[in-house]
Amino acid sequence: MKGLTKDRLWAIAVLTPSILLLAIFVYGFIGRTVYVSFTDWGNDPAQALALNPIIKWVGLANYQELFTGFLQGRFRQEMISTIFFTVFFILGCLGLGLGLALALDRNPKGEALWRTIFLFPMSLSFIVTGTIWRWMLQPQGGVNQLPAAFGGKPSTFGWLSSTDSVLKFDWNLLPIITAVVVAIVMGVIAYRAFASGQRTRTIVAAASAAVLLLWAVFVAPNLKMLPAPEVHGFNLALVGIVIAAVWQMSGYTMALYLAGLRGIPEELREAARVDGANEIDMYRRVVFPLLAPITLSAMIILGHISLKIFDLVYAMAGPDNTFASVPALNMYLTSFRQNQFALGAAIGTILLILVAFIIVPYLSSQFRTEESH
Amino acid sequence: MTTTIPTAATAKPPATAPRKSIGRPGLYIVLVIAALFFLLPIYLLFATALKSPDAINLATTWRWPAALNWASFSDAWAKIGGNLGNSLFLAVVATVLAAMMGSLNGYALAKWKFRGANTVFALMLFGMFIPYQAVLIPLFQFIKALGLYGTIWGLILAHVVYGLPITTLIFRNFYADVPDALVEAATIDGAGFWQIYRRVIFPISIPGFVVVIIWEFTQVWNEFLFAATLTNTSAQPVTYALSQLAGGQAVSWNLPMAGAILAALPTLLVYILLGRYFVRGLLAGSVKG
C-alpha cells in the first residue's frame with residue numbers, strides 16, 4: 001500500500017460525507033434509541049409530546065415490562081409469531097425457489113417467460129402485495145371460493161381472522177426451550193469441530209452446551225417470568241401472510257439458486273454420470289453440496305427481511321389484529337400512535353439485536369474470506 | 001467479498017441440448033402449476049379492478065366482469081394521483097443522489113484503497129441490514145429538528161442516507177472488475193483522482209448506474225415505514241395512500257385494486273423492460289453472489 005498521496009486524500013474526502021451521514025443515521029441513532037429505551041419517555045402520556053419532557057432513567061424496566069409485564073402479552077405473542085413466521089417463510093422460499101430453479105435449469109421452452117412470471121412479484125411493494133392478498137383471503141371470497149370452481153364446497157377458513165393457534169406452549173417455558181435449542185446447536189457445532197479435529201472449538205462448544213443444559217435442568221424450572229401460565233403459539237391468522245410473503249420473495253431464492261446452478265460446470269455433472277451416478281445421485285452428491293453456500297446466504301437475507309417485515313402485515317391484517325401482528329408493527333404503533341417512545345425504542349432495540357445475531361457473523365465472515373485472499 | 005455482481009442468472013442458458021430426464025411433460029405441468037400460483041392473484045386483481053362496485057360479489061369473485069368498468073382507474077387516480085406524483089419526485093431525486101454518491105464512494109473504495117478501507121466499508125454495509133425501527137424515533141426527532149417533518153425533503157434525506165450502503169456496495173463491486181492497469185496507466189499519464197474518475201471510470205459506469213438506479217428506484221418507490229412516519233397528508237407517497245385506501249372498510253374493492261395497479265405499474269414496467277438489470281441488483285443485495 002502506498003503512502004498518503006493527494007489522490008488517496010481525495011478518496012477519503014469523497015467518502016467523508018457518506019461516512020459522517022451513516023455514522024449519525026445508523027450508529028448515532030441506534031445509540032440514541034438504546035438510550036431512550038432505558039428511560040421512561042412517553043410512559044406518562046402528559047410528558048410524551050411535551051416540548052421539554054421530563055425524562056427519567058429507568059434502566060431495564062421497559063424490557064422487563066415487555067417480557068414479563070401484565071399488559072404486554074401482545075408483544076410476547078408477536079415475538080413468538082415473528083420466529084414462527086421467519087421459519088415458515090424461509091422454508092417456503094427455499095423450497096419453492098429451489099424447485100423452480102431446478103425446473104428452469106432443465107431449459108424448458110420459453111425459459112425467459114417462466115422466469116419473468118416467477119420473479120415479477122419481487123418488483124412490487126409489500127403494500128401492493130398485501131392489498132391484493134387481503135382481497136384474495138377474504139373469508140367468503142378469493143381463495144376460499146376456489147374449490148367451488150371445481151365443483152367443491154367453498155372453504156370457510158378465516159385466513160386473516162382466525163383466532164386459533166397451534167404448537168402452543170407456556171411463555172414461562174421459554175428460557176428452558178431457548179437454552180435447550182441453543183445447547184443442541186452448540187452440541188452439533190462441537191461434534192462437527194471434533195470431526196474436523198479443531199480442539200479448542202470442540203471444547204468451547206461442548207462446554208457451553210453442557211452449561212446451558214445444566215442451567216436448563218437445574219436453574220430454569222425455578223424461574224417464573226409470569227405469575228400465571230401464558231399460552232402462546234403459531235397463530236393461524238399468519239398462514240395467509242406467510243403465503244403472500246413467499247409469493248413475493250420466492251423468486252429471489254429462485255434467482256439465487258439459478259445463478260448457482262448455471263455456475264456448475266457441465267463437465268462436473270458429466271463426470272458424475274460417467275462414474276455411473278443416476279440423476280438423483282448426481283443432484284445429491286454434486287449439485288446440492290455446491291448450492292449449500294447459496295442456501296446459507298439466502299437464509300440470512302430472508303431471515304433479516306422476515307424479522308423486519310411490517311408493511312405486509314399492516315396491509316393485510318391492519319394495525320389492530322393482535323392475532324396477526326409482529327414486533328416491527330408493534331414498535332410503529334407503540335411509538336407513533338400511543339407516543340410511548342421508550343417502550344417503542346425497547347422493541348426497536350430487541351429487533352436490532354435479533355437482526356444483528358444474523359447479520360454480524362455474516363458480514364464478518366464475508367470480510368474475513370476477503371482478507372485471506 | 002471477492003464478488004462481482006453476478007450475472008449468471010441472466011446469462012443465456014448453455015446451448016447444449018435439453019437434458020434427458022424424468023418426463024418433459026411433468027416439467028411443464030410443474031411450471032404451469034407454479035405459474036398459476038403467481039398469476040392467479042394478478043388475474044383477480046384485474047378482474048376486481050374492472051368491475052363496477054355493485055358487480056363485486058364475494059361468491060362470484062373469480063368471474064371476469066361482464067361489463068368493464070374503466071372508471072375504477074380514474075376514481076383511484078383522483079384519490080392517489082397526487083401521491084403518485086410525490087412518489088415519482090421522491091424516487092427520482094433520492095435515486096439520483098444516492099447513485100451519484102454511491103458511484104464516488106465505490107470508486108474511492110475500490111481503486112484507492114487506504115488503510116482501514118474494508119472496515120469502513122463493512123461498517124457502512126451494516127446500515128443496509130438494520131431494522132429501521134431501531135433508528136425510527138431519533139430519525140423522526142432529527143427530521144423534525146431540521147424543520148423537514150411532513151415535507152418530501154425529509155423523506156428524501158432518509159432514503160438517500162439509508163440507500164448509500166447498497167449503492168456503494170454495487171458500485172464498489174462493479175469497479176473492482178475494472179482492471180487496475182487502466183487506473184495505473186492514467187496515473188502515469190499524470191491524471192489525478194478526479195481526472196481518472198471523469199475520463200476512465202465514469203464513461204464505463206453506465207451498466208453500474210443502470211443496475212443501481214433501477215434497484216434504488218424500486219426500493220424507494222415501494223418503501224412504507226418512512227413514508228408512514230415522516231410525512232403528512234400533502235407529501236405522502238403512494239404506498240401510504242394505498243394502505244389508507246385499502247384499509248378503509250367503506251370503499252368498494254375495485255378502488256384499492258385499481259389503486260394497487262397504478263401504484264405497481266412503474267416498478268413493474270421497469271422490471272419487465274429491464275429485468276436483466278433488476279436481477280443483478282437483486283443478487284448484489286446479498287453481498288455475495
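Residues are numbered from 1 along each chain as its sequence is written, chains are lettered from A, and ligands are numbered from 1, in the order in which they are written. Because the model is predicted, local features need pLDDT of at least 70 and side-chain atom pairs count only at pLDDT 80 or more, while totals for chains, interfaces and linings use all residues.

**View 1. Helix α10 of chain A, residues 239-263.** Helices here are DSSP runs of H or I, at least four residues long, and strands are runs of E, at least two, numbered from the N terminus. Since 22 of its 25 residues are buried, α10(A) is largely enclosed by the rest of the structure. Buried means 20 or more other C-beta atoms, placed from the backbone, within 10 Å of a residue's own.

**View 2. The largest nonpolar core and B:L242.** A nonpolar core is a set of buried Ala, Val, Leu, Ile, Met, Phe, Trp, Tyr and Cys residues joined through C-beta atoms within 7 Å. The largest has 191 residues, and B:L242 and A:I241 are among those with the most contacts inside it. Beyond neighbours within four places in sequence, the contacts of B:L242 include A:I127, A:V128 and A:T131 from chain A, and B:I80 and B:P256 from chain B.

**View 3. Chain B and its confidence.** Chain B has 11 helices and zero strands, and 51% of its 289 residues count as buried. Its mean pLDDT (the predictor's confidence in each residue, from 0 to 100) is 86, with 89% of residues at 70 or more. Over residues 1-20 of chain B, please note, the pLDDT is below 50, although this stretch has 44 contacts in the model beyond near neighbours in sequence. The model scores ipTM 0.88 and pTM 0.89.

Notes:
Expected span 1.5 Å × (residues − 1). Buried ≥ 20, exposed ≤ 12 C-beta atoms within 10 Å, placed from the backbone. Contact = placed C-beta atoms within 7 Å.
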